[in-house]
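Here are my notes on the model, as numbered points. Have it open while you read.

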Amino acid sequence: MKETKSSDPSLEDEDDDDDKLVVEDYHSDDEASKCDDDDSKEKEDEPHVTKIYYCSRTHSQLSQFVHEIQKSPYSETTRVVALGSRQNLCINETVKKLKSLSLVNDRCLEMQKNKKEPKKDQLQKKAKKQKIPSTGCPYYNQNNMDMYKDSMAAQIHDMEQLLTRGKELKACPYYSTRYAIPGAQVVVLPYNTLLHKSTREACGIHLEGNVVIIDEAHNLVETISNVYSVEVNGAQLCRAHSQLSQYMEKYRSRLKAKNLMYIKQIVQVLASWIRCLGGRIGCAPDTQKTGPASSKLFTINDFLFTTQMDNINLFKLQKYCERSHISRKLNGFVEKYQPPMVKIQEPEEPQQTGMTRFLQEISKKTSEKKEEPQVLEKIDDEYQAFSSPLLHIEGFLLALTNADKDGRVVISKQDFLSQSRLKFLLLNPAVHFQDVIKEARAVIVAGGTMQPVDEFKHQLLYCAGVQEDRIAEFSCGHVIPPDQLLPIALTTGPSGVDFNFTYQSRDTPKMMDEVGRVLVNVSNVVPGGVVIFFPSYDYEKLIYSHWEKTGVIARLGMKKKVFREPRKANQVDFMLGQYTSIIEKACSGGVQSGGMNGAILLCVVGGKMSEGINFSDNLGRCIVMVGLPFANIKSPELKEKMDYLNATMPSSNGKTPGQIHYENLCMKAVNQSIGRAIRHKGDYATILLLDSRYARSSIQSKLPGWIARRLQTIQKFGPAFGAIRKFFVERRPTSSKADTS
Ligand code: SF4
């Protein structure tokens, strides 16, 4: 393979003006942050018209929104552009078939770099003389992309149409859509592109004076925390260390002194992180034992101190990474040399004093405990899919530049180094949301299950400096008439057992039998699909095996085909297809007395069915929520978040902010799950909440208003069963199709 420009250290930036360093960008492995090539910057000069940025969680939700505009009276007069990732919009077959988004991004950028004419830079001219080949992507053609951009102004394209049009015009849809942003009146984009500052800027998104709509915002706090929380594993650290060390050795004499210093610092940092995970430099990470499993949580400053990074200027180091594009250069270098994981001499320990040395000695003692190398049976190849582990690590480096109080670092040791991880947790998402609020003219945060909103306002708005009088709240009812939904909070089962699904009592055979009785009865009278949500996979597994032994599954099977949520994502579509087909067959002739009347699906809250899958019409005539899915209170990460909230926010109604957060996490998960039914104005369903705690007003107040207003709290199973039977007798089922979004 030919050497690419990116592997040539002579092309590294010259202007390391340290005094002017201002860290603004978040250099992550997010796909769009990599579109910051020269062309994007040239296009940024185009004037922007006032616009609405509409963002949602998934590409299919964005497509739905585009379809709605297409159907509306505004379709002829509105210029709409839908943005997507390269993985969604690339039409170069050789690039799009690459395994990961990261590889697609790297390959595309590499091709654009190769195609561009070198600029004034003398060293680049030298590279040209060396006949670096022009292997740019044929779809990156400026004339064709301009034509494409014009056609987008004349007609609204959804994702499919963008791809088709791109192929017709031989123009890249990914870049063409970005070039069309300035003239667009509505820009449709995924969450990350909006919420991630450097991605936003790299894509040429200007929020000033524009309206931002964030849809499906029920988990916005968690989403922002996740976007800025970064995790690196031992395998990535070892690989980055190995690659960068080789790069440094090969080009040591040609690197500028300052650049060499930064590279040395990164190598030193990587080595230090590997050691803090209990690993050693130069050994394959999948054979190094680092267990037993343990987790330790640090403040940012404590972590820097422990890993002897307290004397390194992270801002400068991060800025160097950003300016020099070292991770991309490393990529080109790796492409050429294809090195295996090689043993590199561990760098000398930096001179340390006092407490640092003391901590260092403790760390040494721990890592000196030698274990026989043992090969993992199944090597996690996640890290191999990353073309540039350093790029990922840069994100972690930048995360450490957050204020000490706003984040924590978890050192999580597993059996082997390759699985051990460093994780940065963002505790204060408002610091990253405040730019959006400050810049935009108005921000509309919308969702079908936004309750409870108080915590949202505290964590994202007040913390970002928004005054109460600038917040307008609007809540409307559901489109369905009141009698099309029957929500019931049921506190006891058919044989009078109190429904109390706390950790202490939910595993008892008595409780599991009682849930079985409810389901067998409900299955007899509810036509079509019954979807049951359990608080965890473990509990679903436990109850299923109990029901198998006690005959509940067989009894359920007489009325409904029983399905279980698959653990693997790639099996979901197949399972849903079967579920739909059974229900359609059963419902096509109406409820068949004595025969199968549909299907029952056992799912898990927070699993693959609790979000993004619509159980409309017959697919979800009854949603059953078993218990309250509280998170594990002993989780160090949750504890830290609760402590942070307790320290920074006021108590309310005698509850600490930590407790409120804990309850809200649970109720948001409940709301998401039960919101899978009732998907349009003609739909109808019953929701059964099994747990005596659902009778509490504090819990009911956290349900969406349109459910809480209709909720009946029933103490005995008989009346509840009667109400359900009556509800369905009065209605006749209609056929439907599975709708995944
Ligand atoms: S320029 Fe467009 S079509 Fe070509 S590789 Fe990049 S994303 Fe794919």
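1. Start with helices α24 (residues 537–550) and α25: their axes come within 5 Å and cross at roughly 85 degrees. The two are therefore roughly perpendicular to each other, a label used for 65 to 115 degrees. Axes here are lines fitted to C-alpha atoms, for helices over the stretch in contact, with angles from 0 to 180 degrees between N-to-C directions. Helices (H or I, at least four residues) and strands (E, at least two) are DSSP runs numbered from the N terminus.

2. Who touches whom? On the α24 side the contact (heavy atoms within 4.5 Å) is made by Tyr 544, Trp 547, Glu 548 and Thr 550, and on the α25 side by Val 552, Ile 553 and Arg 555. By class that is four nonpolar, one polar and two charged; Ala, Val, Leu, Ile, Met, Phe, Trp, Tyr, Cys and Pro count as nonpolar, Asp, Glu, Lys and Arg as charged, and the others, Gly among them, as polar.

3. A caveat: this is a predicted model, where local features need pLDDT of at least 70 and side-chain atom pairs count only at pLDDT 80 or more, while totals for chains, interfaces and linings use all residues. Residues are numbered from 1 along each chain as its sequence is written, and side-chain values use heavy atoms, with hydrogens and water left out.

4. Helix α25 (residues 552–559) also lies across β12 and β13 (598–604), at about 125 degrees to β12. Those strands belong to an open, parallel sheet of seven, ordered β12-β13-β11-β15-β16-β10-β17; two strands pair if DSSP finds at least two bridges between them. β12 (560–564) and β17 (712–714) are the edges, each pairing on one side only. Neighbouring strands are turned by 20 degrees against each other on average, direction ignored.

5. Ala 489 has Thr 713 of β17 as its bridge partner.

6. Which residues lie nearest the centre of the largest cavity? Among its 15 lining residues, they are Cys 90, Cys 108, Gln 112, Cys 137 and Cys 172. (On a 1 Å grid over the protein atoms alone, a cavity is a set of points where a 1.4 Å probe fits but cannot get out, and lining residues have an atom within 4 Å of a point.) α5 gives the most to this lining, with four residues. The classes are 12 nonpolar, two polar and one charged.

Conventions
Parallel < 35°, antiparallel > 145°, perpendicular 65-115°, else oblique. 1 Å grid on protein atoms, 1.4 Å probe; cavity = no way out; pocket = protein on both sides within 12 Å on 5 of 7 lines; lining within 4 Å.
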